[in-house]
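Subject: Structure handover, aromatic contacts

Hello,

Here is the structure for you to take over.

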Amino acid sequence: MGAITPFRDPPAWVAEAVLYQIFPDRFRRSERVNAQRHLALKPWGTDPREEGFQGGDLYGVVDALDELQAMGITCLYLTPIFSSAANHRYHSYDYFEVDPLLGGNAALTELIDAVHQRGMKLVLDGVFNHCGRGFWAFHHVVENGADSPYRDWFHVHRWPLQPYPAEGEDCGYDCWWALPDLPKFNHGNPGVREHLLAVGRHWLERGIDGWRLDVPAEVPADFWVEFRQMVRSTNPDAWIVGEVWGDATAWLQGDHFDGVMNYRLGWSSICWAAGETLRRDYRNPDYPLDPLDGQALLTIWTTTASSYRDVVNRAQMNLLDSHDVPRALHSLSNDLAALKLALLLLFLHPGAPCIYYGTEAALAGGPELGPSGGPGPSCREAYPWDVPWTADLRPFIQSLAELRRAHEPLRRDGLQWSVQGSDGLEGVADGVRVLINRSRSEHLPLSMALHNSVLWTLGSADSRSLGPQSAIVLGSKEGSPGAEGRK
């Protein structure tokens, strides 16, 4: 593509954003998708562990935009939406077509227009490491074997291919996590590269504002250099965020991604907020759920933030949970007060806080099968539009968004943190002081200067102490906007 300037710095809008992640099949069914007529969709609210489709669609996302914006959301991140035979759509068979069950390309166009009319952004999920068995080029290879001109688009090591192998049988090609329904692309093939880059460019030209890239560390790094050049030449203000769960230093030097999914901030915040009540049935070394004391928490935060340039920290996707891990409320043993503390921590860091759909409705995930260590469907339950909620956290999340918007240090440089006793944290920045008490029984001593103003509270506080599972944000300037957290 030539020597195109990579525009090393991430887009500035990300630092101001509040994200909302949507798993489209389970978010909202609009009843406006003609392709769904006469189909055997699962009833809305079916056990999420069941395979099949419950019929959420992109028109349903459009219908929810007013409510999401009122909650403080400024950017949507959708898990894959392209044609696929799986409800999660990580098994794409046509990257240029939005799945008909989601409303097709027309529905995406309407969503892009509706999002931009509200001054919001839209980020799509790019699955460019692998495709589905039904992907047109792979289907061609299956049908024609070694005679297919597309045979080198994949890593074939045995003929004939066995896309539906018997137990213990070799499928004959490389695939993601040895799953034969996910053939891995051969990125050394120029045709593969051109096709995938054309996909990325096409949807940017159609108006999306960025790409979240699935398992990018399993793709040759030089492909992402070329991908970044393509993105910057198409839309210099588009966001490129990679799914890298741990240390991402090598990917954030300005040649690959703008930021990554900052799972470290998420699991560490959950582990501190929960303390000894943390549920630990999910075991994943990249998302370790083990209780943390305050000093261990701050060590993780400092190590993570100091690994990257400040401009990169402001371009991270900060999240507690997602479609790939248990819901935060599940890990927090259904403790709503602990969830509020974890959400507060999420909003107090540079980078874009990301809310997983249904968090505001206190979704805790469907039935769990016991210990697990990989992606599971229990966190992908249908949004409870027509049933009573355990709690309504929309006002609380809105208050966090308002607090963050009103105080630039929270978005730009973050707070300087210290441990207060065995269960307290204190964060300070120019004009802002935060105190948080995670204890379920003990008060945390609190000293307030005469010139302090209360900007935001959660739980109970007075001039001498902070109550159990409570927090307070103090300011030093008169007239600061007060955003009171909902107890």
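The notes below cover aromatic pairs and charges over rings.

This is a predicted model, in which local features need pLDDT of at least 70, side-chain atom pairs count only at pLDDT 80 or more, and totals for chains, interfaces and linings use all residues. Residues are numbered from 1 along each chain as its sequence is written, and side-chain values use heavy atoms, with hydrogens and water left out.

Rings of Phe, Tyr and Trp (its six-membered ring) pair if their centres lie within 6.5 Å; planes under 30 degrees apart count as stacked, over 60 as edge-to-face and the rest as tilted. The count is 36 aromatic pairs. One of them is Phe27 with Trp385, edge-to-face because the planes stand at 75°, with ring centres 5.6 Å apart. Phe27 is in the loop between strand S1 (19-22) and helix H1 (58-70), and Trp385, 358 residues away, is in the loop between strand S10 (352-356) and helix H11 (394-406). Helices (H or I, at least four residues) and strands (E, at least two) are DSSP runs, numbered from the N terminus.

Phe27 is buried at 0% relative accessibility, while Trp385 is partly exposed at 23%. Buried means under 20% relative accessible area, exposed over 50%, and partly exposed in between (1.4 Å probe, protein chains only).

Trp385 also has Arg28 over its face, 4.2 Å from the ring centre. A charge sits over a ring if NZ of Lys or CZ of Arg is within 6 Å of the ring centre and within 35 degrees of the ring normal.

Regards
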